[in-house]
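Please open the model in your viewer and keep the sequence panel beside it.

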Amino acid sequence: MRYTSTRSAQVLTSAEAISRGIAADGGLFVPENFPAVSPVLAEELVSLPYAGRAEKILEKYLTDFSAEEIRSCVKNAYTGTFENEEPAPLRKVSDKMYLLELWHGPTCAFKDLALQILPHLLTASVSKTSPGKTIVILVATSGDTGKAALEGFADVKDTRIVVFFPRDGVSDMQKLQMVTQTGKNVAVCGIEGNFDDAQTGVKAIFADRAMRKFLAEKNMDFSSANSINFGRLVPQIVYYVSAWCDLLKRGELRKGETFNVCVPTGNFGNILAAWYARRMGVPVGKFLCASNANKVLTDFIRTGVYDKNREFYTTTSPSMDILVSSNLERLLYHLHDGDFNMIASLMDQLKKEGKFVVSPRVLAALQQDFYGGFATDEEAKKAIGRTFREKKYLCDTHTAVAVDVYEKYVRETGDDRPCVIASTASPFKFAPAVLSAIDDCPLPEDGFAAAERLSSLSGMKIPSPLETLRTKKVLHKDSVRKEEMADFIRRTLA
Ligand SMILES: *Cc1c(COP(=O)(O)O)cnc(C)c1O
């Protein structure tokens, strides 16, 4: 398997793509082609537990890793780190509706599935490409990535990690999770701005020559734990393949039958992984791309015009409050049949004008695969209420956006194939908002009181990683303006 950039001709190994994170031309690394899940392999996968499925899929993409390396990465990531032995259980909630629960890891959101393994993939990659180097992970987070990356990288040898989050754009629980993070190699910093400011700042630092030089002198180099790193995408493909295997195994789907996938989307990483799974042969019909009020993707899928010049909303699903969905670049690359000049030009327009338009041909291909829909906070709240009352399932605010969009899709199109909905966070992570959707009582003051009330109403236990936050010490109090991010990094690494 070889990898290339979305913006120029390059040939890289997977270890190179993972250790660099982002291409020097600003593009993202993509596989040159997609390995197939043959019928024989599919049969084998069905019989394996999650870790076994992960090994088989990873082997297909990381052909420059030895089987032993992959086995060890998978073992470190998924043994003893998740609540269940199965990190991605598929829950049947109604006749055709399945929730793929991706929040049983150490930070209670789906990003653990990738970020528990990325540090191992990354250190293995660096040991091949530049042995002895210390890797500095730079993260811009809308809430969940930051904590998941901190958990994954804390005290991992030969790595440092610096996380920036929008100071006023994450939930109390998310913020507390980050500012209490322990580890000798971690730094956490709030910024005065929104997620896009943080992400733009991080991208600029990656591209800054002076900064690169500063690091090189210390035998350090940057990499990324954001979903722009290909090492995060591969482990996400695994759980869609795994969900399909579970449907087959339980006889809910017959061979050759298709199912739909619905994903609450922000940076487009999670849903892209599902699309990659289909490129490998997983029989997905439609991909339902669910957005909150920041519905730039809904509009794009419906019109072919991507326009981020619009009001930015802070919603109850903060991990989806995004106007520049980085991973869309990868999909565009594939839909343009690898025309990297075209992608470079579209991305340049996005940077300069905040907007680009795709051709009618590309729009048709996009709409063939994707349905775009959105839910406002009010609609998501109602979805939480009715799913809890009617289906006895308590979903978080992000998952609720997907549930609402799924139901709208079925009403609009009549397409009632089985649908796997990504359940991306524990409801306890966003307890006040979730509670207000199922309870008429006045809201408790703080997140913990809300979590307790939620627990007593639902009969679900508060996940222990959240429960124990209450008594943890705040270790990180820094906050900077977005222009000061580079200085913060210099200070941290000095
Ligand atoms: C990150 C996140 C999302 C969005 O996922 P993308 O890969 O950025 O599209 C949705 N829900 C939750 C809970 C998240 O943490």
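**Before you start**

This is a predicted model, in which local features need pLDDT of at least 70 and side-chain atom pairs count only at pLDDT 80 or more, while totals for chains, interfaces and linings use all residues. Residues are numbered from 1 along each chain as its sequence is written, and side-chain values use heavy atoms, with hydrogens and water left out.

**The whole chain**

Show the protein chain as a cartoon, where 22 helices and 15 strands can be traced; helices (H or I, at least four residues) and strands (E, at least two) are DSSP runs, numbered from the N terminus. The radius of gyration is 21 Å, close to the 23 Å that the globule rule gives for 494 residues, so the chain is as compact as a globular protein of that length. That radius is taken over C-alpha atoms, and the globule rule is 2.2 Å times the number of residues to the power 0.38. Along its principal axes the C-alpha trace spans about 60 × 50 × 45 Å.

Now colour by burial: 59% of the 494 residues count as buried, where buried means under 20% relative accessible area, exposed over 50%, and partly exposed in between (1.4 Å probe, protein chains only). Taking contact as heavy atoms within 4.5 Å, 74% of the contacts between residues at least 6 apart in sequence join residues at least 24 apart.

If you colour by charge, you will find 62 positive and 61 negative side chains, with the centres of the two sets 2 Å apart. Lys and Arg count as positive and Asp and Glu as negative, while His and the chain ends are not counted; the place of a charge is taken as NZ of Lys, CZ of Arg, CG of Asp or CD of Glu.

Select residues 259-264, which form strand β9; six of the six are buried, so the strand is largely enclosed by the rest of the structure. In a regular strand the side chains alternate between the two faces of the sheet.

In β10, eight of its eight residues are buried.

**Helix α12**

Next select residues 269-279, helix α12, of which nine of the 11 residues are buried. The buried residues include Trp275 and Tyr276, together with Ile271 and Leu272. Just after α12, look at Gly281, which takes a positive phi of about 120°.

**Strands β6 and β7**

Select residues 186-192, strand β7; six of its seven residues are buried, so this strand too is largely enclosed by the rest of the structure. Its pairing with β6 is parallel and extends over six bridges, and within it Ile161 stands opposite Val186.

**Two loop residues with positive phi**

Most residues other than glycine have a negative phi, and most peptide bonds are trans. Which value does phi take at Asp155? Asp155, in the loop between α7 (144-153) and β6 (159-166), has a phi near 60°, a positive value in a residue other than glycine. Asn219, which lies in the loop between α10 (209-216) and β8 (220-224), has a positive phi near 55° and is partly exposed, with a relative accessible area of 40%.

Is Asp404 buried or exposed? Select Asp404 in helix α18 (residues 397-413), and you will find that this residue is buried, with a relative accessible area of 5%. Leaving aside neighbours within four places in sequence, Asp404 is in contact with Phe374, Ala375, Glu379, Ala383 and Arg386.

For the last stop, select Lys482 in the loop between β15 (479-481) and α22 (485-493), a residue that is partly exposed, with a relative accessible area of 38%. Leaving aside neighbours within four places in sequence, Lys482 is in contact with Ile191 and Asp197. A distance drawn from the C-alpha atom of Lys482 to that of Asn76, 406 residues apart along the chain, comes to 35 Å.

Terms used:
Pairing = 2+ DSSP bridges.
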